[in-house]
Amino acid sequence: MSNEIAILGVGMHPWGKWGHNFVQYGVAAAREALADAGVPWQDISFVSGGATIRCGYPGYVAGATFAQALGWQGAEVNTSYAACASGSQALAAARNKILSGESDVALVVGADTTPKGFLAPAGGYRPDDPDWVRFYLGITNPTYFALYARRRMDLYGDTLEDFAAVKVKNSRVGSKNPRARYRKCFSAEDVAASAMVADPLRLMDICATSDGGAALIVSSLEYARKIGKANAPRVAAISTVTPTFASSVVEMPDIATDSAAAAGVEAQAYRASLPVKAYEEAGLGPSDVDLAEVYDLSTALELDWIEDLQLAPRGEAAALLRAGDTTLGGKIPVNVSGGLACFGEAVPAQALAQVCELTWQLRGQAGDRQVAGARVGITANQGLFGHGSSVIVKC
Amino acid sequence: MSQKPQVPAIEGWHTMGAQPHLIGTQCERCGTYFFPKQSDYCRNPQCDSTDFREVELSRTGQIWSYTNACYKPPAPYVAPEPFVPFTIAAVQLEKEQMVVLGQVIEGVTVEDLKVGMPMELVLEALHETDDDIKVTWKWQPLGQ
C-alpha cells in the first residue's frame, strides 16, 4: 500500500521584509500553486494551514484565514502548529485526508510576518517558564547554535573557515534564486569581517527572520493521473517524530538536557532520529538522495544536518564541504535554494519552501540552480519543543 | 565591594555558600534526575511515578560545549553599563547523565576552555538591585 501523494503545484511569495499582513503572502503563494497545478480553487476540498503565532487570532486559525481570503467555497480546513515543522505537519494532515479517501486534492499553505528586533519573553519574575529563565541568565537563541558549532570544532576539527565556506556556498547559489531575500554573493572575507555574536558564530553565520509564504497543491495519485499529471513529483515520506527520552542535546529554550541516569535509558540525539522514519517510510536510503534542503539556522548547523541525514559519517561533513561535494554540481548538493542563509526564516512557510525547491528541482525547472538528473530529495528541519520534520520527495 | 546582602537570583535552584550545589529532584522509582526540579510526573516513558525527592546535583562535571555572549541579551537579563561580554558553558554531569547550561565566572574567556575540561559550580553576581546582590550558579574551571 503506497503512502505516496502527488505534488501538482507549488508557489512561493518572495521572502523579504515587506511589512504586509501574512495573509497576503499566503494568498499569493496559494494562487501561484493553484495556477502551477492547473487546479481551480473551487476543486480544493481540504485547506491545511501552518499556523503563525505572531499575527493574532487569524494566525492561530491560518487554514480558515487563507480559505476565507481565497473565497469560502465549503472546503474543510485544518491548522497545524509545530514550530518550525508546522508546514510539514500541515502537509501530513493533507496527506492523511487524501490517503483516507476523504479528499482528492488539497491546498497546504503557510505564511508569516516577523516583527522587528528580539523576540523577548513576557516580563515579571517567572522562574517556571524556561524561556524566561534562560533570558534572565543571558542565554539567547544564538547561544545554542554556537554551542553546537564549538563542539564540532573541538571534536571534529571544523574551522571558522569551514563555517564561512557554507555561507559563501549558499550565497552563491542563492543569488540565482529570485524568491530569496538576500541575493548578494558573500566572500569568506565578508563573513570574517562581520561581528562576532556568540563565539564561534558571527553575524553572517546566523540566519535572519523574514516575511514569506509558500504553498503546495497535493493530491491522490489517481487524481494526478486523471488530470494528466501522472509523472508529478511525489511526497514519498513525512517524518514528524518527537524526540526519544533521554534527549542528549541541550535545546532552546531549556537550561538542561534530560537525564539518562535511569536503567534502560540511553541518551538520544533528536536531529539524527528525524530522517530515520522518513527513509524507512520511503523505502530509500541516504545513497538514493540527490539533494537535500536542510535548516541552516547557522552555517555550522548545515554540517550537523548533513551527518544527521547520514549523507556523511559523523564528523565528516566539513570534509564533504571542502571537497565541493555539497555545492551545486557536487556529489550531494545541499541547500541549492540558498537555504535559510539567503531566505531568513519565515517559520510556518519554511518547511513548505523546502518542498517547493525539491519539486522544482525534480521537475528540472530550477534554472541556474538545477541539480542535474535530480530524482530524490530530502528536507530536514527542527524547531522548539520537540518539533521537527523530514520530508522525502521523489519522481 | 558592595555590602549588600547576597540572595539567589532564582529562589530555591541552588544552595548558598562556598561549595554550592544545584538543587534538582530525583524520581524515587526510576532514578531519573530533573533540573529544574520536577515533582509532579516522571518524564521517563518507562516510568509513571509521582514520587520525587529533592537532591543536590554533582557540583563538578566536564564541558560539553561553550560559547559567549558578545551582545547584550534582552530583558529580563539585567546588563551592566557598559555591557561586558560573558562566557557560557554547557557542562555534562557524570552521575546525573545530563548537561546543564550556565554562565562561566568573570574573567574566563572561550580561549581558556575546551570540550571535556573539568568544571565546578560556584556562585557569582548576576546583577544588583537597590537592596541586594542577585547571585546565580556559574561554571569555573576546576581548581582555578
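Visitor: How many bridges join strand β2 of chain B to β4(B), and which way do the two run?
Guide: Keep in mind that this is a predicted model. Five bridges join β2 (residues 23-27) of chain B to β4(B), and the two strands run antiparallel.

Visitor: Which residue of β4(B) does I23(B) stand opposite?
Guide: E56(B) is the residue in β4(B) that stands opposite I23(B).

Visitor: What about chain B overall, how many helices and strands?
Guide: Chain B has zero helices and nine strands. Its C-alpha trace spans about 50 × 35 × 30 Å along the principal axes.

Visitor: And how much of chain B is buried?
Guide: Buried residues are 38% of the 144 residues in chain B. As for contacts in chain B with a separation of 6 or more, 53% are between residues 24 or more positions apart.

Visitor: Switching to chain A. What domains is it divided into?
Guide: Domain 1 covers 5-116 + 210-226, and domain 2 covers 234-394. Their centres, taken over C-alpha atoms, are 22 Å apart.

Visitor: How many residues are in contact between them?
Guide: 34 residues of domain 1 of chain A are in contact with 30 residues of domain 2 of chain A.

Visitor: Which elements supply the domain 1 side?
Guide: β1 (5-16), α4 (86-99), β4 (105-112) and β7 (211-219) of chain A each supply at least two residues. By class, that side of domain 1 of chain A has 20 nonpolar, 11 polar and three charged residues.

Visitor: One more, on helices. At what angle do α6(A) and α11(A) cross?
Guide: The axes of α6 (residues 141-156) and α11 (residues 299-308) of chain A cross at roughly 65° and come within 9 Å. The crossing is left-handed.

Visitor: Which residues meet there?
Guide: F145(A), Y148(A), A149(A) and R152(A) in α6(A) meet A300(A), L301(A), L303(A) and D304(A) in α11(A). That contact has six nonpolar, no polar and two charged residues.

Note on methods
Residues numbered from 1 in each chain as written. Chains lettered and ligands numbered in written order. Predicted model: local features only at pLDDT ≥ 70, side-chain atom pairs only at ≥ 80, totals over all residues. Domains from an automatic or database assignment. Contact = placed C-beta atoms within 7 Å. Helix = DSSP H or I, 4+ residues; strand = E, 2+ residues; numbered from the N terminus. Nonpolar A, V, L, I, M, F, W, Y, C, P; charged D, E, K, R; others polar. Pairing = 2+ DSSP bridges. Buried ≥ 20, exposed ≤ 12 C-beta atoms within 10 Å, placed from the backbone. Axes fitted to C-alpha atoms, helices over the stretch in contact; angles between N-to-C directions. Left-handed = near helix turned anticlockwise from the far one by under 90°.
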